[in-house]
Amino acid sequence: MIKKLRFLFWLNAIVVMLASCGKEYSFEFGASPSVGSLQEETSGDCLPKTINGTYEQGVAVTGSNSIDVTIDVTTPGAYLIYTDTVHGVFFRAQGFFTTRGVQSVKLTASGTPNTAGISNFEVRYNGQSCFVSVPVLPSGASGPAVYTFTGAPGNCSGGVANGIYGEGVALNSTNTLTATLDVTTIGTYTITTTTNNGITFSGTGAVITTGPQTVTLQGSGTPAAAGSFNIAIATAAPGSCTVPLTVLGPAQYTADCATATVNGTYTQGVALTAANTITLSVTATTAGAYSITVPAVNGISFSATGQLTVGSNTITLRGAGTPAASGPATLPFTAGSTNCNVTVNVATAPPPTDLKWTLIQGSNNFGGDATALLVTAGGSQLLEIGGANAGAPPYTFQLRISSTTLGVGSYTSASGAVTMLLMNGVTPVYMSMPTQPFTVNITTFNTTTGVVQGTYNGKAMNSSAAFVDVSGTFKAIM
């Protein structure tokens, strides 16, 4: 029996390598994974927070149900962006970035909401996460909401135009308008303002409780002129109102590039955070709006928008992206009428210390140090993760994943892409088979640092030839 099991495993491993030629399961585009960063607020909420469609308890979502998130792409390539499952619903998007820069991605919903209220989803991409809150209406309450605007027919009570508005500067995710509704019947809403001076605001969603409710509308367009304007909310609800908005003219200023300060730590393969900024002293001769963009170098970029007063000002440029290599990176950019060069020193990524594998079967727990080997041959890639048990007896672990191009994604035994084996000396303990469900989820596949990480679960044959449930984790250096 033991010889038969060992023969079956090695036969299965050979089949995996051969069958994977011409097959690709992590991404559909035959390319390396993209590198970039999720755009988020300091609170951790995703930017922009765009929720599409109506969500009702007990009603399956459709193609109109989705959320939009923004990715600052530093290395084009394949992507997988997904959320956790909350109250029966999850969101997912898979595709390919062809260019660098900030890009919006639509994640399509799947499932049926089973609970009314606010569902908080964690959006995940490239080892990062941010959050989106989705309101779910009670069963039978998906009709139009009934409401009026507080403050109508004059200025909207509590109405605020958020963000900085500059002449000739296109609106972005920070440019929103908030207003308060007095809701008498819960349900859905669609609100759009009139277009004034080249800009408009709109939003759709649901209100799940009666009484005063704050809604946020996303701005779009480019202000054509500086000055003060009133944005009128156009809606089917009686008693519309207006929100005042000021558009600034362009600031005239110079920058002291020599005193620019680079803040935060920069490490190869580690995504930038809110702590990664550049502070720049500037002197404005004309007050107004400014917008500075530092083009990406070595996978990182910086940007800032705001307004300046006459005299000395300090601008903070926020970083984005992931350093691709260690060493100094010189970033050229223009601030006002001054051309600047700022150098960011990127440290070499330290080797991780948590390179482990685990396997759980019922009350049995196994685990130890993990190593990984990535082999490319014949138009296919094979990743083997292995290691020995931390204790006695000397269990050895092997997990093999094969595909045309490996990366972040899911691989299954059904496709012939996965084999798993746990041995006690020369005796097989657990072994996956192509006839039984077995899935490996690679959550990190960093070709720069070599880190590969993920989870697995499914059915495995034990030494008695019975199939049992197993699961585990792995993290290793390729």
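Trainee: Which residues line the largest cavity?

Mentor: First, the ground rules. This is a predicted model, where local features need pLDDT of at least 70, side-chain atom pairs count only at pLDDT 80 or more, and totals for chains, interfaces and linings use all residues. Residues are numbered from 1 along each chain as its sequence is written, and side-chain values use heavy atoms, with hydrogens and water left out.

Mentor: Now the general idea. Rolling a probe the size of a water molecule over the atoms shows where empty space is left. A cavity is a set of points, on a 1 Å grid over the protein atoms alone, where a 1.4 Å probe fits but cannot get out. Lining residues have an atom within 4 Å of a point. Here the lining of the largest cavity is Y55, V86, H87, V89, P113, T115, S119, F121, V134 and V136. Two elements give two or more residues to that lining: β7 (117–125) and β8. Strands are DSSP runs of E, at least two residues, numbered from the N terminus.

Trainee: What volume does the largest cavity have?

Mentor: About 40 Å³. A volume is the space filled by probe spheres set on the grid points, which are joined across faces, edges and corners. The structure holds 1 cavity of 30 Å³ or more.

Trainee: How do the residues of that lining divide into nonpolar, polar and charged?

Mentor: The lining of the largest cavity has 7 nonpolar, 3 polar and no charged residues. Ala, Val, Leu, Ile, Met, Phe, Trp, Tyr, Cys and Pro count as nonpolar, Asp, Glu, Lys and Arg as charged, and the others, Gly among them, as polar.

Trainee: Which residues lie nearest the centre of the largest pocket?

Mentor: A pocket is an open set of points with protein on both sides within 12 Å along at least five of seven lines. The largest pocket has a volume of about 1,300 Å³. Its lining counts 50 residues, and Q39, L47, V102, S303 and R318 lie nearest its centre. β20 gives the most to this lining, with 8 residues. Other elements that each supply at least two include β1, β3 (66–75) and β6 (101–111). By class, the lining of the largest pocket splits into 22 nonpolar, 23 polar and 5 charged.

Trainee: How much space lies in the second largest pocket?

Mentor: About 930 Å³. The second largest pocket is lined by 34 residues, with K49, I51, S133, Y189 and T216 closest to its centre. β2, β8, β13 (199–207) and β14 (211–221) each supply at least two lining residues. The classes here are 14 nonpolar, 17 polar and 3 charged.

Trainee: How many residues has the largest nonpolar core?

Mentor: In soluble globular proteins, nonpolar side chains tend to be buried together. A nonpolar core is a set of buried Ala, Val, Leu, Ile, Met, Phe, Trp, Tyr and Cys residues joined through side-chain atoms within 4.5 Å. Buried means under 20% relative accessible area, with a 1.4 Å probe and protein chains only. The largest core here has 32 residues. L359, L383, L399, M420, L422, Y430 and V440 have the most contacts inside it. Elements giving two or more residues to this core include β25 (356–361), β28 (380–388) and β29 (395–403). Another core, of 27 residues, lies apart from it, with A284, F302, C340 and V346 among them.

Trainee: What does L399 touch?

Mentor: Contact means heavy atoms within 4.5 Å. Not counting residues up to four places away in sequence, L399 touches L383, E384, I385, V418, T419, M420, F438, V440, Y456 and F474.

Trainee: How many disulfides does the structure hold?

Mentor: A disulfide is a covalent bond between the sulfur atoms of two cysteines. The cut-off is a pair of cysteine sulfur atoms within 2.5 Å. The structure holds 3. One joins C46 to C130, S to S 1.9 Å. C46 sits in the loop between β1 (35–38) and β2 (50–52), and C130 in strand β8 (residues 128–136), 84 residues apart. Both C46 and C130 are buried.

Trainee: Why is the disulfide of C46 and C130 called right-handed?

Mentor: The torsion about its S-S bond is about 95 degrees, so the disulfide of C46 and C130 is right-handed. The link of C257 and C340 is left-handed, with -55 degrees about the S-S bond.

How values were computed
Helix = DSSP H or I, 4+ residues; strand = E, 2+ residues; numbered from the N terminus. Buried < 20%, exposed > 50% of the residue type's maximum accessible area, 1.4 Å probe, protein only.
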